[in-house]
Amino acid sequence: MAERAHSLPGPSPLLLLLLVLLGCAAAPAFDEADGNSKGLCPRIVSRAEWKARKPLEREPLPTTPTPYVVVHHGGVSSYCQDQPSCSAIVRSYQNMHLDEHGWADIGYHFLVGEDGNVYEGRGWDLVGAHAPGYNGQGIGICLIGNFVDFLPNEAALRALRSLISCGVALDKLREDYSVIGHRQARNTECPGQALYEYVQRMPHWTDSPTPVPLNSSSG
């Protein structure tokens, strides 16, 4: 004779409440102060961490969320695989922009190293100095190094993609944003041929961007 099946008692209300609380505690933390969400945003090394100089001027972006991402490379064959060496290169870029170009700060909004970190430049909310026609309507992201003949490593490319997704999630970039290379804004080799070919394969790349002139003193 077949053994009769016995139904098991369901979890008690107290146990269900405990599971819900544990689930909430395990959810990814979102820190609005630095725009970091585990699993979404890359690690962003703050200006204080890379020992940035103080900007001479700060001007809010007139268009937010911004419609463009402009990809650059540093154009100098200096590369980095760890935070100290990447920070040193970022400082050298800032020194050049301030002391040689006479700008108010480092021109880019963010920089990406082959250590997989993102380095805060002007951040999400300020006018940049990286591409005419897009300084007030685009986030300028610079890949540290020279990428004429080869691509940045996967850690850097992954950080680039993650940063863009992060910008959309934070409502800093439009959901229908467009990606361009620096050479689409002016006559330049930047972001290097190899990196530009990668940019052209990105889902949001456009071959017909629309520049908007900006009367700005933030340089």
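**Note on the disulfides and nonpolar cores**

1. A disulfide joins cysteine 80 to cysteine 86, with 2.1 Å from S to S. The model is predicted. The torsion about this S-S bond is about 95°, so the link of cysteine 80 and cysteine 86 is right-handed. Both cysteine 80 and cysteine 86 are buried.

2. The count comes to two disulfides. Cysteine 41 pairs with cysteine 166, and their sulfur atoms sit 2.1 Å apart. This link is right-handed too, with 80° about the S-S bond. Cysteine 41 lies in the loop between strand 2 (36-37) and strand 3 (44-45), and cysteine 166 lies in helix 4, so the bond ties together parts 125 residues apart in sequence. Cysteine 41 counts as buried at 10% relative accessibility. Cysteine 166 is buried at 0%.

3. In sequence order, the bonded cysteines pair 1-4, 2-3.

4. Cysteine 142 is buried, with a relative accessible area of 0%. Cysteine 190 is buried at 8%.

5. The largest nonpolar core has 28 residues. Val69, Trp124, Ile141, Leu143, Ile164 and Leu195 have the most contacts inside it. Elements giving two or more residues include strand 4 (66-73), strand 7 (138-143) and helix 5 (193-200). Helix 4 gives the largest share, seven residues.

6. Another core, of 13 residues, lies apart from the largest one. Among its members are Trp50, Cys86, Val90 and Tyr93.

7. Beyond its neighbours within four places in sequence, leucine 195 is in contact with residues including Val71, Leu143, Phe147 and Leu157.

How values were computed
Residues are numbered from 1 along each chain as its sequence is written. This is a predicted model: local features need pLDDT of at least 70, side-chain atom pairs count only at pLDDT 80 or more; totals for chains, interfaces and linings use all residues. Side-chain values use heavy atoms; hydrogens and water are left out. A nonpolar core is a set of buried Ala, Val, Leu, Ile, Met, Phe, Trp, Tyr and Cys residues joined through side-chain atoms within 4.5 Å. Buried means under 20% relative accessible area, exposed over 50%, partly exposed in between (1.4 Å probe, protein chains only). Helices (H or I, at least four residues) and strands (E, at least two) are DSSP runs, numbered from the N terminus. Contact means heavy atoms within 4.5 Å. A disulfide is a pair of cysteine sulfur atoms within 2.5 Å.
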